[in-house]
Amino acid sequence: MRKIWCELEQGHEWVVDADLKDFFGSADHEKIMQLLNQRVSDGRVLSLIESMMKVGYLDGKQIHQTNRGVPQGGVISPLISNILLTPFDREMRRKGYRLTRFADDWLVTCRTRAEAQAVLNVAKQVLEKLGVVLNEEKTRIVHVRNGFEFLGYKVKRGQRPFKLAAHKIKSKARQGSLYVYPRQKSIDRFKEQIRQRTSRKAPVSTAVLIQQLNPVIRGWGNYYRKAHVRKLFNQLDRWIVRRLWSHRHKKWRNTGWKSVPRSRLYGVLGLVNLVHLIPSLNRRKVATL
């Protein structure tokens, strides 16, 4: 995300936000093996990768073989995406385009809409040679002021005027600045994971429940901690505490703050605090110790 941020700050404010149509379901095995043979000479490795791609799928008790596609979410999927799309990376960068790709997700930043349209036309031609098709419905050219999503992040240039006068703002925030924050689907998915674990019917103690929650909170928080999430993390921290109180007392409105105050949850029981994962706030906390 830092690379994309730098390019946007340098004036590349048009983005080709692309989506590949059924990439993992339509990957051409023959094309992948041709590309692999150019770099790998060990027949055992080639046979192993080919057999993993052709494993097929199970329908009831019958196994169906397939000559296209790889298991999405499988251990080999990221490798396959890099094998098949590396020629695409090289060709786009050879032409001078600012491509950022992770597995089958990619985007290109541009200075003008005309340049973005040219990038899209070239990308279609290169991908077609690799047997990959763009999803026309989801691929779009967008200006950063309207925002775009990439790898679970929402990137947008702020437009609303600040309520405070400029001399009263102590942070580095300025009107028209870029903002990066988790997309709503990711927030909803995270909250659903917390809800499932903090069900009032869950037959575990608060201490055990916190041990189950911490990996989820820490993993999600560490992924998004460098985005603009201070307010969001604060809201989620308070919501998680209320979920713990509700689980303990079997109802939402209760006096959990008396029996298990926040200081005990975060101190003695070791509940992970999302706000404390933010690097700038964590450094400030360490400096005061």
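Contact here means heavy atoms within 4.5 Å. The model on screen is predicted, so local features need pLDDT of at least 70 and side-chain atom pairs count only at pLDDT 80 or more, while totals for chains, interfaces and linings use all residues. Residues are numbered from 1 along each chain as its sequence is written, and side-chain values use heavy atoms, with hydrogens and water left out.

**The whole chain**

Begin with the protein chain in cartoon view. It has 12 helices and 9 strands. Helices (H or I, at least four residues) and strands (E, at least two) are DSSP runs, numbered from the N terminus. Of the 289 residues, 40% count as buried. Buried means under 20% relative accessible area, exposed over 50%, and partly exposed in between (1.4 Å probe, protein chains only). Among contacts with a separation of 6 or more, 65% are between residues 24 or more positions apart.

**Stop 1: helix H1**

Select residues 2-9, which form helix H1. Its buried residues are Ile4, Glu7 and Leu8. Seen down the axis of H1, these buried residues fall within an arc of 100 degrees, so they line one face of the helix. The arc is that of the directions from the helix axis to the C-beta atoms. Now show what covers them: the list includes strand S1 (14-17), strand S4 (98-102), strand S5 (105-110), strand S7 (148-150), strand S8 (153-157) and S9. Just after H1, select glycine 11, which takes a positive phi of about 105 degrees.

**Stop 2: the loop between S4 and S5**

Go to alanine 103, in the loop between S4 and S5. Its phi is near 55 degrees, a positive value in a residue other than glycine. Alanine 103 is buried, with a relative accessible area of 19%.

**Stop 3: helices H3 and H5**

Select helix H3 (residues 29-37) together with helix H5 (residues 77-94). Two packed helices are described by the angle between their axes and the distance between the axes. Here the axes come within 10 Å and cross at roughly 80 degrees. Axes are lines fitted to C-alpha atoms, for helices over the stretch in contact, and angles run from 0 to 180 degrees between N-to-C directions. H3 and H5 are therefore roughly perpendicular to each other. Angles under 35 degrees count as roughly parallel, over 145 as roughly antiparallel, 65 to 115 as roughly perpendicular and the rest as oblique. Show the side chains where the two meet: Lys31, Ile32, Leu35 and Leu36 in H3, and Ile80, Ile83, Leu84 and Pro87 in H5.

**Stop 4: helix H7**

Select residues 184-197, helix H7. This helix has 14 residues and reaches 20 Å from its first C-alpha to its last, close to the 20 Å expected at 1.5 Å a residue. The expected span is 1.5 Å times one less than the number of residues. Colour Ser186, Ile187, Phe190 and Ile194, which are buried. Viewed down the axis of H7, the buried residues fall within an arc of 100 degrees, so they line one face of the helix. On the other side of H7, Lys185 and Gln196 are exposed. What do the buried residues of H7 pack against? They pack against strand S9 (178-182), helix H8 (206-224) and helix H9 (230-249).

**Stop 5: H7 against H9**

From H7, show Ile187, Phe190, Lys191, Ile194 and Arg195; they meet Leu232, Leu236, Trp239, Ile240 and Arg243 in H9.

**Stop 6: along H9 and past it**

Select arginine 242, in helix H9. Arginine 242 is partly exposed, with a relative accessible area of 32%. Then pick lysine 250, in the loop between H9 and helix H10 (256-259). Lysine 250 has a positive phi of about 65 degrees although it is not a glycine. With a relative accessible area of 46%, lysine 250 is partly exposed.

**Stop 7: isoleucine 278**

Finish at isoleucine 278, in the loop between helix H11 (262-266) and helix H12 (279-288). Is isoleucine 278 buried or exposed? It is buried, with a relative accessible area of 7%. Leaving out residues up to four places away in sequence, isoleucine 278 touches Arg225, Val229, Arg230 and Phe233.
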